[in-house]
Amino acid sequence: MNYVQTVPWNSSSCQNFQPLASQYQTRTSPCCQTLLSLFGITLAQNLKKNSLFQLPNLPTSISCLQHFQSNLTFLSLPNNLVSSCFDPFQFVITPNICAHIQNIEDWHTRLGPTAQLNNACGPDLADPNQCRKCVAEGDKVQQRFLSIDGNDSHSLDCFYFTKLYLAGVVNELGPASIGVISCILILMLNSQVDSRDGHRALVLGLIVASLTFLVIMLLGLGFCFWCTKRRSVENLLAYADLQEQSFSLRLRPNAVLTWFEFEDLLMATNNFSPQNFIGRGGFGLVYKGILPDGSMVAVKSEVEIVSNLKHRNLVPLKGCCVVDEEDENHNFEYRRYLVHEYMPNGSLEDHLFPTKLDNQNTKKSLTWPQRKSIILDVANALVYLHFGVQPAVFHRDIKATNILLDADMRGRVGDFGLAKRSSESMSHLNTKVAGTHGYVAPEYAFYGQLTEKSDVYSFGVVILEIMCGRKALEMSPSGTPITDWVWSLMKSGNIGEALDASMLGDENCARNIMERFLLVGILCSHVMVASRPTILNALKMLEGDIEVPPIPDRPLTHGHYVLYSGSSDNIIHVTDPEQDPYATAGTKPQSPFDKPLTTTK
């Protein structure tokens, strides 16, 4: 990416960059749009080299953007440009945009021969006449793709893909040439800044005048619409004012959410009938419902939730509804109802640990390929939450019941009722402890120190549950936490005995890979914060991209006892706080009983 330092692009819009009030305003600002065009050179080079229109996975996207930022920093530009302007996931390859194109082969299959496009865009585009011809042909190609795709919402993606193909494949001089940069990527160059003449000023004046007239017209129409919808807007604004230090209810630019009327949800769930009740989340009940179009959904009443996240391994949000409800004291409070896609295969726990009431004939034991896929799905979801959004999101309640399975048995992380945003200025958050016993990291349970490694610990416990077919906490007289049980087998050299026997007969099983997954689970659920990997490195270990390092021994002070009241929902491991090895360095130890542990079931 040395082109960032060598191409004479105009960086004036980014010199004193400051994020704007909303993420959408920031990402559509002149600086971010300039950087998107500049990063297009990288994407075009990747297309030419690897035949992919986007980057292969999230870790690659994150690595590329970090390198991109380092080059920007070298030019003395702010170090928060990339994190403010881009979502790493937006550059990861997906089949669901622009006629399902992912690579050059797909392009040729959908479009066929493109001799006119090649002739118009192959030569040097620094020539204005050649540039006009190329743009005209590129527009025709984009319209053809939209016709093939049939979805107007993909127009922007087809626009970008056409640009990348022209820059990376068609043009003979390559994506870093001056002609491609100025004509196709529309990146302002330093040489162009001082060349504006009276003609451009006239054109800009006419554009401004036209836009002014249009804005006045739209404001008039908007005022009329506002008058008719005043009540609903007031409700939404009042509700938004209550969201201090929590997640705001705003839509992502590329997300399409439906605003439901409360009456629609009542009808869909049969007045929230007990017969439609399917579960309980961190802060609300979940009901199955059927929308007028026949689609099955899950409706959840929640106070706090992340509504602006979008990832293939998160439970998809279809829409929401905000209503004011009157309590018994005649006070009104605003409540948000979230409508998620219905996950037909229930939760991971349903398949790992079916109850006596479950029909055993309808729920077969998970195969090894299914377990492997689910673990990787959850890892990818956490990589997105920790590295793919700014500031990072800590889920705080990763467990088997919060991992839902779609129709293809792919894992989807749900229930963000306990989620918290990170603080960029602090290494950890000190907060009231919340989560589920057996999955909560020791340093968080004892001292309320929340970091990304807290989610990693919970993820490690989930890996062990999936691989061993054993619950995190077994309350039999001889039962021990799964982390201790697997640790003892590893130390005795018998780690293979921890594997769930029901998946060992699978013809697709690979015992060495299974044991690698077990080791990653042990490392992620290590009692020492510093010994746990980041979720990004954990994913690389699971996929075999890097080796699992030697697992450090537990501290000698790890001896602990278990307090319980006869229920696995009321267990907490306790150690001597004066010798506690779990706490984050530099934090004064407190008694583990100073902070209550909020649990979810």
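I began by writing down that a disulfide is a pair of cysteine sulfur atoms within 2.5 Å, and with that in hand I looked up Cys-121 and Cys-134, which a disulfide joins at 2.0 Å from S to S. The model is a predicted one, in which local features need pLDDT of at least 70 and side-chain atom pairs count only at pLDDT 80 or more, while totals for chains, interfaces and linings use all residues. Residues are numbered from 1 along each chain as its sequence is written, and side-chain values use heavy atoms, with hydrogens and water left out.

**Entry 1: the whole chain**

I noted 21 helices and 16 strands in the chain, where helices (H or I, at least four residues) and strands (E, at least two) are DSSP runs numbered from the N terminus. Of the 601 residues in the chain, 49% are buried; buried means under 20% relative accessible area, exposed over 50%, and partly exposed in between, with a 1.4 Å probe and protein chains only. I also looked up the contacts, a contact being heavy atoms within 4.5 Å, and found that residues 24 or more positions apart account for 66% of the contacts in the chain with a separation of 6 or more.

**Entry 2: the disulfides**

How many disulfides does the rule give? The count comes to five. I recall that a disulfide is a covalent bond between the sulfur atoms of two cysteines. When I numbered the bonded cysteines of the chain in sequence order, the pairing read 1-2, 3-4, 5-9, 6-8, 7-10.

I then looked at Cys-14, which a disulfide joins to Cys-31 with 2.0 Å from S to S, and whose link is right-handed, with 110° about the S-S bond. Cys-14 lies in the loop between helix H1 (3–6) and helix H2 (23–27) and Cys-31 in helix H3 (residues 30–50), so this pair ties together parts that are 17 residues apart in sequence. Both Cys-14 and Cys-31 are buried.

Next I took Cys-32, joined by a disulfide to Cys-85, again with 2.0 Å from S to S. The link of Cys-32 and Cys-85 is left-handed, with -70° about the S-S bond. Because Cys-32 lies in helix H3 and Cys-85 in helix H5 (residues 81–85), the pair ties together parts that are 53 residues apart in sequence. I found Cys-32 and Cys-85 both buried.

**Entry 3: back to Cys-121 and its surroundings**

Returning to the pair I opened with, I noted that the link of Cys-121 and Cys-134 is right-handed, with 105° about the S-S bond. Cys-121 lies in helix H7 (residues 115–121) and Cys-134 in helix H8 (residues 128–149), so the pair ties together parts that are 13 residues apart in sequence. Cys-121 is buried, with a relative accessible area of 0%, and Cys-134 counts as buried at 1% relative accessibility.

Helix H8 also holds Gln-130, so I checked that residue and found that it counts as buried because its relative accessible area is 16%. Leaving aside residues up to four places away in sequence, Gln-130 touches Asn-119, Ala-120, Pro-123, Asp-124 and Leu-125.

At what angle do the axes of helix H18 and helix H19 cross? The axes of H18 (residues 452–468) and H19 (residues 482–491) come within 10 Å and cross at roughly 70°, the axes being lines fitted to C-alpha atoms, for helices over the stretch in contact, with angles running from 0 to 180 degrees between N-to-C directions. That makes H18 roughly perpendicular to H19, a term for angles of 65 to 115 degrees. Where the two helices meet, Tyr-457, Val-461, Leu-464, Glu-465 and Cys-468 in H18 face Ile-482, Thr-483, Trp-485 and Val-486 in H19 as contact partners. Cys-468 is buried, with a relative accessible area of 7%.

Finally I looked up Gly-438, found in the loop between strand E12 (434–435) and helix H17 (442–447). Gly-438 touches Tyr-457, Val-461, Ala-472 and Leu-473, not counting residues up to four places away in sequence. Gly-438 and Ile-482 are 44 residues apart in sequence, yet their C-alpha atoms are 8.6 Å apart in space.

Key. Parallel < 35°, antiparallel > 145°, perpendicular 65-115°, else oblique.
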